[in-house]
Amino acid sequence: MLLALARHAGRVVTRKQLLGEVWDLHWASSTKTLKTHINTLRRLLCDDPATPTWITTVRGVGYRFATH
């Protein structure tokens with residue numbers, strides 16, 4: 001998932017895109033699974049969930065990985 005986000009650094013990656021790149025689009029996953037994995041990545045990157053700097057949520061769309 002980190003690689004998928006990093007490939008698109010600075011751009012919003014939709015939930016559907018992430019599910020397609022990381023898993024198979026036909027895999028019956030919920031966005032809750034995706035959110036859990038994002039939260040795990042944030043913890044591993046020492047990204048404060050209250051003020052994330054590496055992985056930000058674009059509400060209703062997906063996620064953006066920082067370019068810094």
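What pLDDT does the protein chain average, and what share of the residues score at least 70? The protein chain averages 88, and 90% of the residues score at least 70; pLDDT is the predictor's confidence in each residue, from 0 to 100. This is a predicted model, in which local features need pLDDT of at least 70, side-chain atom pairs count only at pLDDT 80 or more, and totals for chains, interfaces and linings use all residues. Residues are numbered from 1 along each chain as its sequence is written, and side-chain values use heavy atoms, with hydrogens and water left out.

Mean confidence in the protein chain is lowest in α2, at 87, and highest in strand β3 (residues 62-65), at 96. Helices (H or I, at least four residues) and strands (E, at least two) are DSSP runs, numbered from the N terminus.

One salt bridge (a side-chain nitrogen of Lys or Arg within 4 Å of a carboxyl oxygen of Asp or Glu) is present in the structure. It joins the side chains of R7 and E21, at 3.2 Å from N to O. Because R7 lies in helix α1 (residues 2-7) and E21 in helix α2 (residues 15-22), the pair ties together parts 14 residues apart in sequence.

Helix α2 also holds V22. Leaving aside residues up to four places away in sequence, V22 touches M1 and A4, where contact means heavy atoms within 4.5 Å. The C-alpha atoms of V22 and L3 are separated by 9.1 Å, and the two residues are 19 residues apart along the chain.

Accessibility classes are buried (under 20% relative accessible area), exposed (over 50%) and partly exposed (in between), with a 1.4 Å probe and protein chains only.

| Residue | Relative accessibility | Class |
|---|---|---|
| R7 | 51% | exposed |
| E21 | 35% | partly exposed |
| V22 | 30% | partly exposed |
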